[in-house]
Amino acid sequence: MKLYRSVVLVCAACASLLGACGGPDRELAAQNVLRRGLGAEPESLDPHKSRSMEAGDVQRDLGEGLTGYSADGKLEPRAAERWTVSDDGTTYTFWLRPEARWSNGDPVRASDFVYSFRRLVDPATAAFYSQSIIDVENAPAIVAGELPPPELGVSAPGELELRVQLEKPTPYFLALLTHPSTFPVHRASIEKGETYARPGNFVTNGAYRLVAWELGSYIELARNDHYWDNADTAIDRVRWHVTPEPQVELNRYRAGELDVTDSIPPEAFSRMRAERPDEVRVSPYLAVYYYGLNLSQPPFEGNRLLRQALSMAIDREVLAEKIMGRGEAPAYSWVPPGVDNYEAPLFPYAGLANEERHAAARNAYEQAGYSRENPARIEIRYNTSETHQRIALAVQSMW
């Protein structure tokens, strides 16, 4: 499931994946090309200009941050080969890999990360994920336009040495550096003034480089021979197929046109699990599906009781088990389970039986000034895929 913002929590997401090898396209298979379903078209592949999961999926092939995750989910060094943390937990010193190279052969240096981190928090960039490094010294003031980007607490004492000064201890800081927004960008390419994140211009530091982007069709990547760990790159090319409609993507997988898809609509999930039990993989996904309410306009502006009533009226168990049915879990907190060293507090009404919760919701609705004779009128705007439509219709019915 995709990540959507909201005040009313609906259901914690669980990623479903189909994986298989082979298919009728023998030519691509012979070329060692992995064909993957992408979903919607990424808005950009520039790690500072994008925000969607589709963009992030491709960016993780193209770039790499100071840290990353191993196949079994352990945090490990990537662009940095090692680091130290000061006793007070506020100063991080990273040493980059001497063999690290950009896709054009240029060496990756600490100054590249200094430039990239400054660009990330620069208000002129308007990066959606500037909060990824918001705990770095002076980052909040720079994002707010109160200080210039060079005041950010990052420096390069040496070609391969990067120092990051935090405003306060942030135990999860190393994990934040796995996010694509913290990947380095190639300064010389950006300063040419041409469209940066396009084939022919996009210089990246990851296992692959961008060789083609046919809008509405596919994005193709080829092995980056300059990558420091190129010897362990098993696949020569990756072709991400743009397929916005989940059912269409699933059909392409079933026809052998795709090797991997993570698009299994709820209505097809049980059938696919029965038909292809060896190909379906279901694993936890750290996300929450929810609706965002416009708090600057009626009826939500200044009306906490109405918002609470609508939240309590949603039967998350029905949404998770009946509407979705792919392993999603009901969500009664903002933070999904699985976050290290954190147990999320639940909403006070999480433990109420349905009848009690519905009665409390009706009471809050009436106290908010609404009734059967004077109903609240709300418009839900949602992605037009069938999955989101099913959820929206269910929520409408519950309300």
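How many of the 6 residues of strand E6 (residues 91–96) are buried? In E6, 5 of the 6 residues are buried, and the strand is mostly covered; buried denotes a relative accessible area under 20%, exposed one over 50%, and partly exposed the range in between, with a 1.4 Å probe and protein chains only. The structure is a predicted model, in which local features need pLDDT of at least 70 and side-chain atom pairs count only at pLDDT 80 or more, whereas totals for chains, interfaces and linings use all residues. Residues are numbered from 1 along each chain as its sequence is written, and side-chain values use heavy atoms, with hydrogens and water left out. Helices (H or I, at least four residues) and strands (E, at least two) are DSSP runs numbered from the N terminus.

Strand E6 belongs to an open sheet of 4 strands in the order E5-E6-E8-E7, with antiparallel pairing. Strands E5 and E7 (154–158) stand at the edges with a single partner strand each, so one side of each is left without a neighbour in the sheet. From one strand to the next, the twist averages 25 degrees. Helix H3 (residues 110–121) packs on this sheet and touches E6, E7 and E8, and the direction of H3 makes about 170 degrees with that of E7. Strands of a sheet pair through backbone hydrogen bonds, in either the parallel or the antiparallel sense. Two strands are taken as paired if DSSP finds at least two bridges between them.

On one side of E6, strand E5 (residues 80–85) is joined to E6 by 5 bridges, and the two run antiparallel. Thr84 has Thr93 of E6 as its bridge partner, and Arg82 stands opposite Trp95 in E6. The hairpin of E5 and E6 has 5 residues between the strands, and Gly89 in this hairpin takes a positive phi near 75 degrees. E6 also pairs with strand E8 (residues 161–165), in the antiparallel sense and over 5 bridges. Here the bridge partner of Trp95 is Glu161 in E8.

Strand E11 (residues 237–242) has 5 of its 6 residues buried, so it is largely enclosed by the rest of the structure. Strand E2 (residues 33–39) runs parallel to E11 and is joined to E11 by 6 bridges, with Arg35 opposite Arg239 in E11. Strand E10 (residues 218–223), in contrast, runs antiparallel to E11 and is joined to E11 by 5 bridges. Tyr218 has His241 of E11 as its bridge partner.

Two helix pairs were also examined. The axes of helix H7 (residues 246–254) and helix H8 (residues 266–275) come within 12 Å and cross at roughly 15 degrees. Axes are lines fitted to C-alpha atoms, for helices over the stretch in contact, and angles between N-to-C directions run from 0 to 180 degrees. This crossing angle makes H7 roughly parallel to H8; angles under 35 degrees count as roughly parallel, over 145 as roughly antiparallel, 65 to 115 as roughly perpendicular, and the rest as oblique. The crossing of H7 and H8 is left-handed, a term used if the near helix is turned anticlockwise from the far one by less than a right angle, and right-handed if clockwise. Gln247, Leu250 and Arg254 of H7 make the contact with Glu267, Ala268, Arg271, Met272 and Glu275 of H8, where contact means heavy atoms within 4.5 Å. By class, these comprise 3 nonpolar, 1 polar and 4 charged residues; Ala, Val, Leu, Ile, Met, Phe, Trp, Tyr, Cys and Pro count as nonpolar, Asp, Glu, Lys and Arg as charged, and the others, Gly among them, as polar.

For helix H10 (residues 316–324) and helix H12 (residues 386–398), the axes come within 11 Å and cross at roughly 135 degrees. H10 and H12 are therefore oblique to each other, and their crossing is right-handed. Val318, Leu319, Lys322, Ile323 and Met324 in H10 meet Thr387, Arg390, Ile391, Ala394, Val395 and Met398 in H12. The contact of H10 with H12 has 8 nonpolar, 1 polar and 2 charged residues.
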